[in-house]
Amino acid sequence: MSPRLKISSHVIERLSKVESDESTGCLYGLMYDGTLLVVGLSLELFEDDKNTYKQLLLNLPTEVELCGVIKFGDSLTMDNQLKDILKDVDITDNPLVIIINKEKDMKAHFLVHDKFEETQYEVLSAAEIQKQFLYVRLNTVLPLRCEATIAGVKNVMQNKRKKIASGQVSFHVQGTSVYMFGVASDVALTGISNDATVSELVDSLSPEQPAKKKKQSSNTVEIVPVNLVMKSTRDILSEKLVKTAVKMMTTQRKPAFCISMPLRVDTLAMIHRSTKLLELYSVLVEATCRALRLLETGLVEQLGQEGIGDGAGLRLPETFHFLPQELGHFLTRVVPKGIPDESMESERRALHELLNLPTDRPLFRRGNAHADNHGGRLINPHEAIPSQPRSDSVVALVRGRYAYHHYLQDGAADDGWGCAYRSMQTIFSWFRYQGYTTVDIPTHRDIQKCLVDIGDKPSSFVGSKQWIGSTEVMFCLETLLGVQSRIIFANTGAEMSLYAPELVHHFQKHGSPIMIGGGVLAHTIIGVDYNPATSEARYLILDPHYTGAEDLTTVVNKGWCGWKNGDFWNKTAHYNLCLPQTKPCV
Amino acid sequence: MVRTVYAPESCLQYLEQYAAQEKFGIGLILGQITESRENVIHLARTPEEKVSDTISEGESLLERVESMAAVSEAWVADHAKHVTRMLPGGMFVLGIFITSEEEIFDNTNASSKVKSVLNYMHKVLNVNPHMYGNCPETNEKLVLHYSNKTVVCKSIEVNSAIKGLGAKPVDWKFTPKECQWQRLDTYYEFDEVYPVLVKKNGISVKDQFQQIVEEAQKALEVSVMFIDGELKDRLDPLDQLVKKKKPKNAKSASTDPPKSMMVSLFVPFESSMPETVEYLECDGSIHFSGVVASSVFLYPKATVKEAEAAVKQDIIRSLASRFTMHCDALIDDNLLPEEKVCFNEPPRRVLIPVGSLYLCDYLFPGEAPAEALLSVRELLDLHVAAAAVLCGAETPADTSEFDALDRDASTEELATPQEASQAMYIIGISVALLVLVVSILVHYYSDIRRAVGNVV
């Protein structure tokens, strides 16, 4: 029986944007409960004979596997290349073939006994997928010592994978007494009932009210942290027990160069919430092995490069997980430590193209990486505001993540004068999270110093409590980030609505937060709702004057982050808006 | 509360026996301190010191110590150091016993000597922290004095600033029945490969062993212990685990001695390596492998936490013991002598029955269990039958295993051990031939000379 089919709305969306009708694509998905869920796709360009999908799989969360192909055109006739890809589908006996014709009509077929059977499918929204799935993240450090050659690395990595798969390792769910064991132990699971599911484990992790938790999980992905422990003892009753006392053998060889480094394994698996914990062990073994393969690829690539050939210039591989809004699933990358993002642009561009993602903004720079720790700051508080869609208006919002900077954070007593500084920091955080920069968020003092350095302010300005305005924000962005800004000048608050279409355009094109200052207090605009028929506009305001704790409910319910009508602006005061501009890049 | 120590009645008999034979005796108190109870397992008289044989050759003179004043601090401390090697984790040299007619605690000379013996012992036992010579739970050592059929025990803080003995009373109790012990067993396995870095670290066996024992200690410190496959509450007493497990046939369990518990240790990978790629020129590799058999014995009311500490101490103490013994016996501390492949096989652990539990000793490759009995008699003052020594806990390295490892290690175009052994073979044959020729020459020397003489 062929499986039921569900497809992520992200996949449908990206498929509809594929321009070329020549190319072919691969589909990635996972099986659960007799259902195939397609979560990702890539375009197969068949360049230089490399099967890009095999490599790409290492970048995807474990459990997500190759599940089928996309063919652009009208007929189902398969060329050899497509047939070869279909042969590599292991996750199901019935590979999926999606064909899309020039009119962008999409049809899904399962290949059943060499025959195509058209099948219906259900589209799953991102929110729905998050409700049903979560991620398990495994972190560990393995010491790596080997000869500084490609063969040396490959050999030692293979041994490590063998060791991981030997049953000697166990996995420990952080913050619990839940351990999962391999075949080398008599027990498979302790700390929780044998038929517990992942979802039950997660519930036992957080003592919060279930209702409150649901609200939280609607906009954040849930990640269960797991670490790896190695069984260092042998069971006395084990048949394999070799009781040879400790001994040391030294083998002398010709002097050769060796490398020694801590290998940080950081890997994700995508798990349906109803999965039994007993089934998780093998998934985590696979996840570790997948991570080791990805790290190996990174190291071998480095060793193959000129100048590094002898290993002296080898850099520590660092793992980053990305969850771009446009992609809808995690993608893990390994990059050499210390190599600037700017010098790895071509690889990223290739990845954007492979995944059919826009190439006008960075998505896979270090700054774009998914982070759970934001220094205690709230991230995108506006996402917690219930949306009130109005059919007759255009809504344009900030694109991507930003951190809410406001009064009194980091122990700075800046209430009364620091609002524009805070607004600037929020903008800065946006540039960091979008991967445009890795420069640290400037403190009030850094900002003042920057303005003194460029000659805008006298040296006495540093350490003062003087206000800054939109032009100062513009100068700092230019100096610290190389970001250009547009300044809009509104004579009165009543004039603001005239500029609403420009704000819509700004959010659609650049997506960065806007700082507004002038005669009165400074604010950050993070969205606009404009009705072209009535010329009425509402503004999504992030207020830097908030002095309370980092509590999302207060911030949203008390309107520190919320929609404001046109009368929010003072009718008699003048306003300056600083609109930070982005340049297309990846 | 007065410190209370429990000792089996056999200890009393031991004291009586020595007091009857000799005017003065000194020895070590061996035992275990747990929060629930302190137990003495054994008393071991310090052997008589051999006076260095400068007087006359061949005749080893035993110096008879007849009073506290004549006791050598270094000699007693040395005894404690050697006995510690024979103790499983969780057992310590808790102090000294003295049998004498002279007063110890009220005699200033004697008591200051007692204090200096304890201080010196403490210092010597602290030299190698991996031996866990001093019980980490206490700063005090016991002094048991047996005189005129009365037993007085006091507890004395070592290295204290207090003038005089500062002795606290101890309630020493002899129990007619020997304490039951909860045994915990495991095999800790090693399988580590290190690069040989001649330029950086030199090539000392001792240093390499030091590195291994330090790494093992770090790993053990953070490792998680499971008992019979389960993570237990660290504050639970061990006997509680047995009861919890077998509620049905509790009757049979109460009469049988408690069953041995299986320990597993899980090491999280927390690397202390620097966050960089180290790039080193290495001249080979070191493969450290094999097991440390560990059996510890705890008072059944001891907690899981105490058992865990004992197991971890045991593994490290055993490693440190064999490394020290191995290095003491080494003629050449060079990790890479002439040969391309070099084996270092430290002595292996054997178990010695003492009452209802086991202490241990170490056998060098090729040594028979009888060798262990010598140190048992000398250091523990015990007579154990050779057959009672358990030699099967660990097995000596199989050289064929080494050969296999060799072949593995040297597949990469480098000097193979086969080549080395072939060379050895050829050299061996040449030497044998030479010996043959020389012996023929010697044998026929007179004939040859005669023949030569005739010619001349």
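Which residue of chain B forms a salt bridge with A:Arg264? In this predicted model, the partner of A:Arg264 is B:Glu275, and the closest N and O atoms of the pair lie 2.9 Å apart. Side chains of opposite charge can pair when their charged atoms come close. Between chain A and chain B the count is three salt bridges, and 24 residue pairs, both members at pLDDT 80 or more, are in polar contact across the two chains.

Several strands of chain A contribute to the side that touches chain B. Strand S9 (133–147), strand S13 (223–231), strand S14 (233–234) and strand S15 (247–272) of chain A each provide at least two residues of that side. The largest share comes from S15(A), with 17 residues. Sorted by class, the side of chain A that touches chain B holds 29 nonpolar, 14 polar and 14 charged residues.

The extent of the interface can be described next. The size of an interface is often given as the accessible area lost when the parts come together. Here the area buried between chain A and chain B is about 5900 Å², and carbon and sulfur atoms give 60% of this area. In terms of residues, 57 of chain A are in contact with 78 of chain B.

Strand pairing also joins the two chains. S13(A) pairs with strand S12 (residues 261–268) of chain B in the antiparallel sense, over three bridges. Opposite A:Lys231 stands B:Phe266, a residue of S12(B).

Over all chains, the count of salt bridges comes to 42. One of them, within chain A, links A:Lys54 with A:Asp88, the closest N and O atoms being 3.7 Å apart. This pair connects distant parts of the chain, 34 residues apart: A:Lys54 belongs to helix H2 (residues 52–57) of chain A, whereas A:Asp88 lies in the loop between helix H3 (80–87) and strand S5 (96–100) of chain A.

A further region of chain A is marked in a record. The unreviewed UniProt entry carries the annotation "domain: UFSP1/2/DUB catalytic" for residues 395–578 of chain A. Over residues 395–578 the chain is 29% helix and 21% strand, and the end C-alpha atoms of this stretch are 20 Å apart.

Technical notes. Residues are numbered from 1 along each chain as its sequence is written. Chains are lettered from A and ligands numbered from 1 in the order in which they are written. This is a predicted model: local features need pLDDT of at least 70, side-chain atom pairs count only at pLDDT 80 or more; totals for chains, interfaces and linings use all residues. Side-chain values use heavy atoms; hydrogens and water are left out. Contact means heavy atoms within 4.5 Å. Buried area is the accessible area (1.4 Å probe) that two parts lose on being put together, summed over both. A salt bridge is a side-chain nitrogen of Lys or Arg within 4 Å of a carboxyl oxygen of Asp or Glu. A polar contact is a pair of N or O atoms within 3.5 Å; within protein, one must be able to donate a hydrogen and the other to accept it, and residues adjacent in sequence count only if both atoms are side-chain atoms. Helices (H or I, at least four residues) and strands (E, at least two) are DSSP runs, numbered from the N terminus. Ala, Val, Leu, Ile, Met, Phe, Trp, Tyr, Cys and Pro count as nonpolar, Asp, Glu, Lys and Arg as charged, and the others, Gly among them, as polar. Two strands pair if DSSP finds at least two bridges between them. UniProt positions are given in the numbering used here, feature names are shortened, and annotations may be inferred rather than shown by experiment.
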